[in-house]
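Look over the structure first, then read the points below.

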Amino acid sequence: MLNPGSIFIEIVAADPGQRAQCFQAIDQYGFRISSAGSLVEAFKTIEQRSTDVPRPSLFACVGMGFDGVQAAVKELRSHPWTASARILVVDESLTVEQSLVLIDAGVSDCYCKPFLAPMFSARVRGALRSGG
């Protein structure tokens, strides 16, 4: 069972509108949520947080494109603070083949359909429950 107050979600999206949509879709569940325009910005924020604040349990990488997500996964998996975090990719431009490559590289789930808030929040909750 999820304990929402102990879960920190980091939304990474260059588009402020996409960040806001994602935030609104999961805000009602009691998760701690932060957002950033890039992974570099997210890491700066994470590094500045006090040590009693949990590291992100899940990164939602939104609209980054295939190459951007591949680079983000590599960086997230190589950093000791984020190596075990789940990764949810939200990008309508990804092909099925690209999604499979990303899942094989360690992404928990890829959401490639048109953005729907209820589906996004269900995918977030599913990724958190699955532990992978």
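A search of the whole predicted model turns up two aromatic pairs.

**Aromatic pairs**
- A pair of aromatic rings is described by the distance of the centres and the angle of the planes.
- Tyr29 and Phe31 have ring centres 6.3 Å apart and planes at 35°, so this pair is tilted.
- Tyr29 is partly exposed, at 29% relative accessible area.
- Phe31 counts as buried, with a relative accessibility of 8%.
- Phe115 and Phe120 make a tilted pair, with 5.6 Å from centre to centre and 40° between the planes.
- Both Phe115 and Phe120 are buried.

**Charge over a ring**
- Arg55 places its charged end over the ring of Trp81.
- The distance to the centre of the Trp81 ring is 3.7 Å.

**Helix α1**
- Helix α1 covers residues 16-26.
- Arg19, Cys22, Ala25 and Ile26 are buried in this helix.
- These residues span an arc of only 130° around the axis, so they lie on the same side of α1.
- Pro16 and Gln24 are exposed, on the face of α1 turned away from the buried side.
- The buried residues of α1 pack against the strands β1 (8-13), β2 (32-36) and β3 (58-62), and against helix α5 (117-130).
- Asp15 caps the N-terminal end of α1.
- In this cap, a side-chain oxygen of Asp15 lies 2.6 Å from the backbone nitrogen of Gly17.

Terms used. Residues are numbered from 1 along each chain as its sequence is written. This is a predicted model: local features need pLDDT of at least 70, side-chain atom pairs count only at pLDDT 80 or more; totals for chains, interfaces and linings use all residues. Side-chain values use heavy atoms; hydrogens and water are left out. Rings of Phe, Tyr and Trp (its six-membered ring) pair if their centres lie within 6.5 Å; planes under 30 degrees apart count as stacked, over 60 as edge-to-face and the rest as tilted. Buried means under 20% relative accessible area, exposed over 50%, partly exposed in between (1.4 Å probe, protein chains only). A charge sits over a ring if NZ of Lys or CZ of Arg is within 6 Å of the ring centre and within 35 degrees of the ring normal. Helices (H or I, at least four residues) and strands (E, at least two) are DSSP runs, numbered from the N terminus. The arc is that of the directions from the helix axis to the C-beta atoms. Contact means heavy atoms within 4.5 Å. A polar contact is a pair of N or O atoms within 3.5 Å; within protein, one must be able to donate a hydrogen and the other to accept it, and residues adjacent in sequence count only if both atoms are side-chain atoms.
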